[in-house]
Amino acid sequence: MKKVLVILYYWPPAGGSAVQRWLRFCKYLPEYGWEPTVVAPENAFYTDLDKELVAEIPEKLNVLKIPIREPHRIYKVFVGLKKEENIGAYMSMKTEPRGLAKIKNDLSVWIRSNLFIPDARIFWIRPVSGFLRKYLAANKFDAIITTGPPQSIHLIGLKLKTSITIPWIADFRDPWTSTDLHSALKLTRYAEKKHIRLESKVIRAADHIIAIGNDMKNEFQKIGAKNISVVMNGYDESDVRTENIEPDQKFSIVHLGTLPATRNSSALWKVLSEKAKTDKQFAGDLSIHLIGTVDFKVAQEIEALNLKDYLSITKFVKHNEGMEILRRSAVLLLLINMSKNARGVITGKIFEYLAVGRPVLLIGPVDGDAAAIIRETECGHCAGFDDEQEIRRIIDNFYTLWRQGLLTVHPGNVIRYSRRSLAAKLAGVLENQVKLSVK
């Protein structure tokens with residue numbers, strides 16, 4: 001069996017979608033002749049914890065833990081967050097900072113943007129690189145994979161590149177400089193150029209690049225990627241229970257995952273507000289459930305449109321609990337980030353939405369990669385960011401069917417997005433890189 005070394009940041013007990021990709025690949029890769037060894041941080045500062053995922057780590061998997069120093073604890077003390085309070089993912093904030101708190105927050109964002117490039121995990125690069133040079137000299141591997149974000153992980157691969165003869169594959173779960181999170185940073189011109197330079201170095205130095213979508217693939221090719229494959233995210237069949245469950249008694253519209261201001265849909269909230277105002281039956285049935293970190297601007301807008309009584313926000317749920325909520329829901333809401341790479345955004349949750357078989361309402365680029373998946377699998381409908389008319393038509397149709405007990409979908413061609421199928425594709429990429437490296 002061939003061996004692959006996987007260097008990553010998100011690993012159980014981390015919760016959220018970022019941990020799922022490689023937790024599942026490590027589960028299925030041995031079926032296709034590849035034995036992974038994981039390199040993960042010790043005592044990492046994760047936004048959300050899901051300790052139940054620890055039990056899902058394959059029993060025979062070798063996990064190397066290397067201590068990490070992170071500045072987040074200093075940041076929390078500086079801005080006055082309590083020990084039990086978490087920093088919002090995607091720079092989301094639960095409340096609007098004012099006065100001194102705002103000054104401290106703005107200063108912290110500037111420091112993070114310009115002194116920690118590409119991200120706050122830069123202090124892990126040197127110790128991991130030093131450890132792995134010795135480890136790789138003593139242990140035989142056939143390939144190395146780095147996966148980001150955080151993009152600092154790819155800089156570990158860049159450092160190792162000069163001392164290894166095996167192929168290095170850089171796996172990008174998100175782009176680097178074209179994301180909305182990157183745009184939100186308060187970057188100086190020097191810092192922006194440094195990001196672009198580092199991104200280009202990684203793209204050009206890696207033996208192979210893996211992207212999670214076709215638009216991302218095209219973006220990387222424009223900046224120098226020559227050997228690149230698409231291996232999407234997916235769903236794990238073991239996460240989807242088969243027994244019948246009692247559906248919600250409300251017309252529940254559910255969004256699972258972080259909801260930053262850049263992913264907000266003003267058009268949707270306006271449509272729901274107007275329909276609730278004019279249709280008493282709809283008002284009695286409506287429920288909006290947001291699960292995950294929700295930026296205060298999103299909550300404020302929903303409440304300003306008189307939707308507060310219909311809104312519930314759950315900060316975080318464990319992965320298995322989230323899947324059960326999705327199964328009970330009437331409509332699953334998929335919001336795409338309003339960023340320059342919006343067409344290429346494929347959120348991890350889309351595949352779990354497909355797996356549970358509930359209707360999806362996607363709001364974002366109707367010509368994007370995510371919309372193409374929705375259309376291909378026939379699991380829902382898509383509307384543009386500001387297309388209130390189309391959003392209203394979809395909501396009206398979904399609600400009418402729900403009242404009749406007919407709101408169902410029968411997704412097709414979903415099995416290609418199972419983690420097992422995707423692991424087979426990943427194994428094929430690894431095999432090809434090993435063959436190329438020995439020529």
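The model is predicted: local features need pLDDT of at least 70, side-chain atom pairs count only at pLDDT 80 or more, and totals for chains, interfaces and linings use all residues. Residues are numbered from 1 along each chain as its sequence is written, and side-chain values use heavy atoms, leaving out hydrogens and water.

**Exercise 1.** Find out where D285 lies and whether D285 is buried or exposed.

Solution. Start with the helix: D285 belongs to α10, residues 280-285. (Helices are DSSP runs of H or I with at least four residues, strands are E runs of at least two, and both are numbered from the N terminus.) Next, take the relative accessibility: it is 12%, so D285 counts as buried (under 20% relative accessible area; exposed is over 50%, partly exposed in between, with a 1.4 Å probe and protein chains only).

**Exercise 2.** Work out how many residues of helix α1 are buried.

Solution. Go to residues 20-28, the span of α1. Eight of these nine residues are buried. Among them are W22, L23 and F25.

**Exercise 3.** Describe the open sheet and its edges.

Solution. First, trace the order: seven strands run β3-β2-β1-β4-β5-β6-β7, with parallel pairing (two strands pair if DSSP finds at least two bridges between them). Then look at the edges: β3 (62-67) and β7 (228-230) each have a single partner strand, so one side of each lacks a neighbour in the sheet.
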